Amino acid sequence: MYCLDVETYQDSDGDGTGDFAGLTQRIDHLVRLGVTCVWLMPFYPTRERDDGYDITDFYGVDPRLGTLGDFTEFVRTARDRGIRVIADLVVNHTSDHHPWFQDARSSRTSAHRDWYVWCDTPPEDGPEGVVFPDAERSVWELDKTTGQYYLHRFFKQQPDLNVANPAVRDEIARIMGYWLQLGLSGFRVDAVPFLLETDGQEDADRLPDPHEYLADLRAFVGRRNGDAVLLGEVNLPYADTAKFFGEPESGRGDELTMCFDFIGMQRMYLSMARGEAGPLAAALRERPGAPRDAHWATFVRNHDELTLDKLDDDERAEVFAAFGPDEDMQLYGRGLRRRLPPMVAGDRRRVELAYSLLFTLPGTPVLFYGEEIGMGENLAAEGRQAVRTPMQWTPDKGGGFSTADGDALPNPVVAGAFGPKEVNVHDQTRDQGSLLGRMRTLIERYREAPELAWGTYEVLDTDDPGVLAHISSLAEGAVLAVHNFSDRPVTATMTVPRLKGGRLVTDILTGDTLKSAAGGVVRTELEPYGYLWLRVNTPLDDPDRTTAV
């Protein structure tokens with residue numbers, strides 16, 4: 001899966017803003033990379049008060065980005081290339097300029113009044129904690145027109161919809177059905193726990209079980225498009241996140257098709273900061289299994305700040321010290337507004353280590369645009385915009401994104417060592433040893449090893465604290481992945497279950513082979529930050545000819 005913002009991907013008409021026509025022109029880059037699903041960040045009409053997440057019309061395309069015709073042409077072209085398209089479903093809130101809210105705030109008896117959450121005084125048992133603590137001090141805002149407060153978990157210009165209102169739930173279904181009819185294959189559901197939250201609402205009893213509503217949405221999507229998915233943003237502890245998959249055995253039905261593994265991502269950075277595999281290994285052992293036909297989504301970073309909120313204070317301080325020691329590199333005291341390559345001072349070995357993990361840890365890998373070439377951030381941009389800079393296609397000043405002057409671009413282009421002159425698609429396409437070349441290889445080998453995505457995985461004990469080893473197994477075969485988090489060369493041994501002594505273990509990436517010792521012991525040698533993908537019990541690395549372990 002590949003996440004991108006149409007606004008910052010490719011400008012086709014020179015006005016400084018990316019558009020669907022430009023995105024369509026770049027579709028073959030995604031094909032060559034091996035992408036099978038594109039996730040579009042919000043492209044709907046907006047007041048641009050929260051990078052498109054403050055929506056004024058759920059049924060349109062922002063004129064800056066093109067037309068509905070441009071959108072459907074992109075979806076058709078992507079489908080022709082074997083790529084599905086999903087989009088952000090942002091229905092926890094609307095813009096305060098949305099016609100629904102404009103009507104709602106006009107009087108206490110307006111038609112859309114109950115579409116939002118109002119109260120005379122903020123309730124003591126209501127939601128606590130703001131998403132943007134640097135900008136908001138409360139989740140309640142007084143509306144002077146009617147003298148009541150409205151709920152907003154995000155910015156005050158983004159009032160929360162009242163999901164307990166059946167009319168709102170029906171409208172959300174209509175929105176989803178509309179875009180599915182236009183060719184989408186599902187949605188990335190924004191802020192799922194907030195969407196389902198009813199604390200402090202007087203009519204909360206009208207939605208006795210929020211999870212039933214999520215199950216209803218999943219069933220609705222399935223009826224409209226049998227292969228559609230719901231990918232959920234659920235940043236909660238594992239036990240709480242797992243509930244959003246649903247409980248098919250209860251007869252209630254499935255909920256989200258995929259949930260992001262925020263815990264695993266944060267523990268990965270802690271492991272990288274320490275040079276020890278322990279934190280990530282512990283997360284993998286703790287992670288609940290996903291139900292059948294559902295999965296975890298794995299990622300190195302996403303479009304927001306690199307959140308570290310599920311680490312404790314000391315652990316977060318470790319990651320800050322290693323990867324973002326300056327205050328302007330941090331955001332809200334909970335995350336980093338940086339991309340990985342600058343965080344590791346451009347160390348190619350550590351960058352590759354992270355993406356080798358992405359494609360070997362069980363789940364669906366999700367890339368954020370620019371990761372495939374090692375783009376950096378621009379800390380001169382405000383907040384989260386630091387990582388939402390224009391895509392770098394060529395060594396030109398504007399990175400091949402646009403011919404417009406820099407001040408017309410949605411965000412400034414990255415400067416310095418990670419700017420377009422040094423990091424771009426054009427040059428890396430012509431260099432097989434580039435990061436882009438390596439990413440294409442990793443994705444190709446990943447597609448040849450279904451065990452990595454769908455196998456039953458087990459974290460193995462090793463004799464070196466810097467080494468993570470895990471094996472993913474299907475009836476047809478197994479793959480052993482070994483990663484060295486330390487800055488020193490290591491020789492690590494591990495015992496592979498059900499592997500007999502003397503059997504061949506084949507390196508998927510190089511074709512080299514080694515033999516296991518008695519008792520299924522495998523001895524591996526890794527360079528600093530090195531990694532191995534080893535097919536077990538297979539004479540040759542042949543995805544069409546494997547044998548069971």
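**Exercise 1.** Which residues in α9 meet which residues in α10?

*Solution.* The model is predicted, so local features need pLDDT of at least 70 and side-chain atom pairs count only at pLDDT 80 or more, whereas totals for chains, interfaces and linings use all residues. Residues are numbered from 1 along each chain as its sequence is written, and side-chain values use heavy atoms, with hydrogens and water left out.

Begin with the contacts (heavy atoms within 4.5 Å): from α9, Ile-263, Gly-264, Arg-267, Met-268, Leu-270, Ser-271 and Arg-274 meet Gly-278, Pro-279, Leu-280, Ala-282, Ala-283 and Glu-286 of α10. Next take the geometry: helix α9 (residues 262-274) and helix α10 (residues 278-286), both DSSP runs of H or I with at least four residues, pack at about 160° with axes 7 Å apart. The two helices are therefore roughly antiparallel, the term for angles over 145 degrees.

**Exercise 2.** Describe where the salt bridge between Arg-287 and Asp-261 lies.

*Solution.* A salt bridge is a side-chain nitrogen of Lys or Arg within 4 Å of a carboxyl oxygen of Asp or Glu, and for Arg-287 and Asp-261 the N to O distance is 3.0 Å. Arg-287 lies in the loop between α10 and β10 and Asp-261 in the loop between β9 and α9, so the pair ties together parts 26 residues apart in sequence. Both residues are buried, that is, under 20% relative accessible area with a 1.4 Å probe and protein chains only.

Note on methods:
Axes are lines fitted to C-alpha atoms, for helices over the stretch in contact, and angles run from 0 to 180 degrees between N-to-C directions. Angles under 35 degrees count as roughly parallel, over 145 as roughly antiparallel, 65 to 115 as roughly perpendicular and the rest as oblique. Buried means under 20% relative accessible area, exposed over 50%, partly exposed in between (1.4 Å probe, protein chains only).
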